[in-house]
Amino acid sequence: MTYQFDFAVLAPYWLQFLRGCGLTILLASCAIAIGLVIGILTALAKKSSSRPLRLAAEAYIELIRNTPFLVQAFFIFFGLPTLGLSLQPWSAAIVALSLNCGAFAAEVIRGGIDAIPRGQFEAGTALGLARMQIFRYVVLKPALRIIYPALSGQFILALLTTSIVSSISAEELTAIAQSIDTVTFRSFEIYIIATALYLAMSIAFAFLFKAIDRTYFSYPVK
Amino acid sequence: MIRSFGVSEALAILSGIQSTVVLSLIAFIGGGLVGLAVALMRTSDLAPLRRAAGLYIDFFQGTPLLMQLFLVFYGLPVFGLRVNAWVAVTIGLTLHASAFLGEIWRGGIQAVPKGQTEAAIALGLGYTHRMIHVVVPQGARLCMAPTVGFLVQLIKGTSLAAIIGFVELSRSAQIIASTTYKPLLAYGLAAIIYFILCFPLSRLSASFERRFAVKT
């Protein structure tokens, strides 16, 4: 092999790589937080008694789940301005990521609600609880416990998906790696470092989700 | 010069379907073959094999597909392989698919009750026969839904080939969007085509899930 690896050239850029990680984590956190809210609302809409609401939720979920994120991001960033709705790259990235994460989360959450036996709802009603109370105490908590592993998997996927927003010029780790590439031309080394950083971040996220699981969802069920 | 968005522009985007479908199929078949090996290693009796397959799966599931494509795209020339974008993208997607299919199929193999394997051993069947005649046929049913579901992920994943300059559906939409200044139309059309490709598979996956669900 004649190729000479040269990681030393990249040493001066360590702070930029780190900044990229920070931006990526920030993007992913926003997408996960907003996506979770969208997911819960959409799952509720899909279970609602109003037909238009159900259809709208269904359309949103299927549309997002069956088209690539790249096209969604392009549509939002390049397409919406022609309708007079211009977004900055970062705002567009957060909108696109949240909508994407929300649709996947909605399906997982709906699955969790479906898994709660009907008797639970009836028991809640019999106890005189209001609809919201039934949802909060009788459905949501046990449902969350069931879906937590699938949900945290989706969240890690959201973290990995952030790499794609570099193509709508939103700044995060991939975009920063690409800009370092244009100066140093050490493409392979740069992407080895970036890949390792993504791997480290997803392992960190997995640990975090595991810790949350132990703290909040590991109570015994009888 | 700004071109108007007409029939020929729509056809130019449609022509991207071919590369998207071919790429998805090659990656699915290639990924299936390598994935089978990964699944068998992951469930093997030899600890080093299990661990190696585990690391392989963790790597591909813990890093973005885009990075995997970049690594192959920029990495192959480093190892003296001068290849075009087609080969690089195919290799990248195949490796990606093999890790995910390997993990899905591991689940299927392990879902087959242990007693089945023990019964096969008691009957004197060797590893190969045990797998071919006892474990795989039973496990395969359970894997149908997630396998078809992953095919949807793979079709969507091929869009990332556009970022390294490979012309498929997304890239052709991008080209048309920038020459006609009608991004809403171009990306909307691309999204509709992806949807037409993926939605039936999603439905198929859902119906497999109902049909082959483990009865509890």
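Chain B has a mean pLDDT of 93, with 98% of its residues at 70 or more. The model is predicted. For the complex, the predictor gives an ipTM of 0.92 and a pTM of 0.92.

**Confidence in chain B**
- Among the elements of chain B, α3(B) has the highest mean pLDDT, at 97.
- Helix α1 of chain B, residues 7–14, has the lowest, at 90.
- Where pLDDT is low, predicted coordinates should not be read in detail.

**The α2–α3 pair in chain B**
- Two packed helices are described by the angle between their axes and the distance between those axes.
- Helix α2 of chain B spans residues 16–42, and helix α3 of chain B spans residues 47–62.
- They pack at an angle of about 130°, and their axes lie 7 Å apart.
- The angle therefore makes α2(B) oblique to α3(B).
- The crossing of α2(B) past α3(B) is left-handed.
- From α2(B), the contact residues are B:Val34, B:Val38, B:Met41 and B:Arg42.
- From α3(B), they are B:Leu49, B:Arg50, B:Ala52, B:Ala53, B:Gly54, B:Tyr56 and B:Ile57.
- By class, this contact of α2(B) with α3(B) holds 8 nonpolar, 1 polar and 2 charged residues.

**The build of chain A**
- Chain A has 8 helices and 0 strands.
- Along the sequence its pattern reads α-α-α-α-α-α-α-α.
- The C-alpha trace of chain A spans about 75 × 45 × 30 Å along its principal axes.
- Chain A has 222 residues, and 46% of them count as buried.
- Take the contacts in chain A between residues at least 6 apart in sequence: 77% join residues at least 24 apart.

Note on methods: Residues numbered from 1 in each chain as written. Chains lettered and ligands numbered in written order. Predicted model: local features only at pLDDT ≥ 70, side-chain atom pairs only at ≥ 80, totals over all residues. Heavy atoms only, no water. Axes fitted to C-alpha atoms, helices over the stretch in contact; angles between N-to-C directions. Helix = DSSP H or I, 4+ residues; strand = E, 2+ residues; numbered from the N terminus. Parallel < 35°, antiparallel > 145°, perpendicular 65-115°, else oblique. Left-handed = near helix turned anticlockwise from the far one by under 90°. Contact = heavy atoms within 4.5 Å. Nonpolar A, V, L, I, M, F, W, Y, C, P; charged D, E, K, R; others polar. pLDDT = per-residue confidence, 0-100. Buried < 20%, exposed > 50% of the residue type's maximum accessible area, 1.4 Å probe, protein only.
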